[in-house]
Amino acid sequence: MSSRSFEKIKNLLNKKILFIDGAMGTMVQQYKLTEADFRGERFKDHKSDLKGNNDLLCLTCPDVIRKIHFDYFEAGADIAETNTFSSTSIAQADYGLEKYVYELNKRAVELAREAANKVMAADPSRECFVAGAIGPTNKTLSLSPDVNNPGYRAITFDEMKASYSEQIEGLIDGGADLLLIETIFDTLNAKSVFVAVDEVFKKKNVQLPIMVSVTITDQSGRTLSGQTLEAFWYSVRHVKPLVVGINCALGAKEMRPYIEQLSRIADTYVSCYPNAGLPNPLAPTGYDETPEMLASVVREFAESGLVNILGGCCGTTPAHIRAVVEATKNITPRKVPLRKAMSVYSGLETFKIENTFAPFVMVGERTNVTGSPKFAALIKSGDLDAALAVARSQVENGANIIDINFDEGMLDSEKLMAQFLNLVSAEPDICRVPIMIDSSKWSVIESGLKSVQGKCIVNSISLKEGEAQFLEQARRAQLFGAAVVVMAFDEKGQATSRDEKIRICERAYKLLTEKLSF
């Protein structure tokens, strides 16, 4: 249990703006390292080229990485990100270095920790923290890499989760103070990290603070996988991140409206670490903003009460961080707002039910094989394009939520649920609304949960098989960020009267609120 990092960081965030470091790649480039430097003695005979694999430098040029961390701390950074953006087996497969992933992550934390300890020893008033950086990988769970096959995925949710688990174990064993899941372009990828984090925390009996940072790819205000910023937040809020923020892709000026929006809706601390403006191959760092230019923009963020953590991403250097620190260090940090209680669900966009007396909510149930003979016939004949048209027509005709069900004895329900949801995710006109995953089999529901990036609804769970199974299924749904429909069943059977329904619902509510953390 890392109570030191959690309590100290939280206390500091309440008192002042904290600072995270800048780009690692920008600094590595300034050392002009050769292929031989990247290989070192240990990998001199490796079959693949290794230059450009910056994470490997933790093993082959540790002095360089340690010095970069030290320079950022010296510039005023409170938090250093480990040099592990690509330290997963998925990313390291490009270099044939998958078997070194655990070592890369563990050593990366140790190098950052050594730099932090050196700074704190020289100045006991300093508190320096190490964030285990977890990048997005070069694969996506919500999009197909084949334009001719929108339902295809190059990797499964479970494969992604396993790769992240190995990275997370290395970061924890190295001594990270917190975990930073950053540059999120696909929320389903991030969900695989969340599940991996949960499993590793339980395995190791630890609990570290989590930072989550999304990347908005352009002025549309959406992620690469199509979600709005608000839909993203409500898709990840269930993990209760200590900090949520935006990094990369945009310079600070372009990021301004999105940081303002996130600051307004997030009931936790907010971070911002933008690029040094826009790419410019003629600039010394490859980006067009000087330290003074970046500091001038983010100072306004701080003065407007939008941020709790500031730093830099691509193109930034210790000079940029030093300028940001000097410009904002005495400004009062953003106050975390209280969140208005409401039910919120999301696809690519959000759907809110803001009070008990909400207007009528339309759930489209024509994509349900048990209730729609037409849809069932299309699924059985394998005409998924026509089945998608049924889903699309429901949204066009005003459905706020789409219910999807494949419970039919002759169907491979688990496979179909994943396959159909993969196709749905390629159709923005459909997946802009939340999905209701409908099945009487938990294995089918979980197949759906692993295929949806938004905050969906599980239909349903019940007390039919007892409290233990009810709570486990509720916990799994919560782990994926899903809401649940609770059916009026218990061990005695289905409720047949109003009083029985009330009794079962009250019992279920009590169990959920007492046994699960909301």
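This is a predicted model: local features need pLDDT of at least 70, side-chain atom pairs count only at pLDDT 80 or more; totals for chains, interfaces and linings use all residues.
Helix α9 (residues 187-204) and helix α19 (residues 467-479) pack at an angle of about 125°, their axes lying 10 Å apart.

**Contact of α9 with α19**
- From α9, the residues F194, V195, D198, E199 and K202 take part, and they meet R475, R476 and L479 of α19.
- By class, the contact comprises three nonpolar and five charged residues, with no polar ones.

**The sheet and its packing with α9**
- Eight strands form an open sheet with parallel pairing, in the order β1-β8-β7-β6-β5-β4-β3-β2.
- The edge strands, β1 (18-19) and β2 (79-81), each pair on one side only.
- α9 packs on this sheet and touches β3 (129-134), β4 (178-184) and β5 (210-214).
- The direction of α9 makes about 165° with that of β4.
- Within the sheet, β6 (residues 243-251) and β7 (residues 269-275) run parallel and are joined by six bridges.
- I246 has C272 in β7 as its bridge partner.

**The second largest pocket**
- The volume of the second largest pocket is about 760 Å³.
- Its lining consists of 25 residues, and D198, Q207, H238, V239 and K240 lie nearest the centre.
- The elements contributing two or more residues to this lining are α1 (3-15), α9 and α19.
- α9 gives the most, with five residues.
- The lining divides into 14 nonpolar, five polar and six charged residues.

Technical notes:
Residues are numbered from 1 along each chain as its sequence is written. Side-chain values use heavy atoms; hydrogens and water are left out. Axes are lines fitted to C-alpha atoms, for helices over the stretch in contact, and angles run from 0 to 180 degrees between N-to-C directions. Helices (H or I, at least four residues) and strands (E, at least two) are DSSP runs, numbered from the N terminus. Contact means heavy atoms within 4.5 Å. Ala, Val, Leu, Ile, Met, Phe, Trp, Tyr, Cys and Pro count as nonpolar, Asp, Glu, Lys and Arg as charged, and the others, Gly among them, as polar. On a 1 Å grid over the protein atoms alone, a cavity is a set of points where a 1.4 Å probe fits but cannot get out, and a pocket is an open set with protein on both sides within 12 Å along at least five of seven lines; lining residues have an atom within 4 Å of a point. Grid points are joined across faces, edges and corners, and a volume is the space filled by probe spheres set on the points. Two strands pair if DSSP finds at least two bridges between them.
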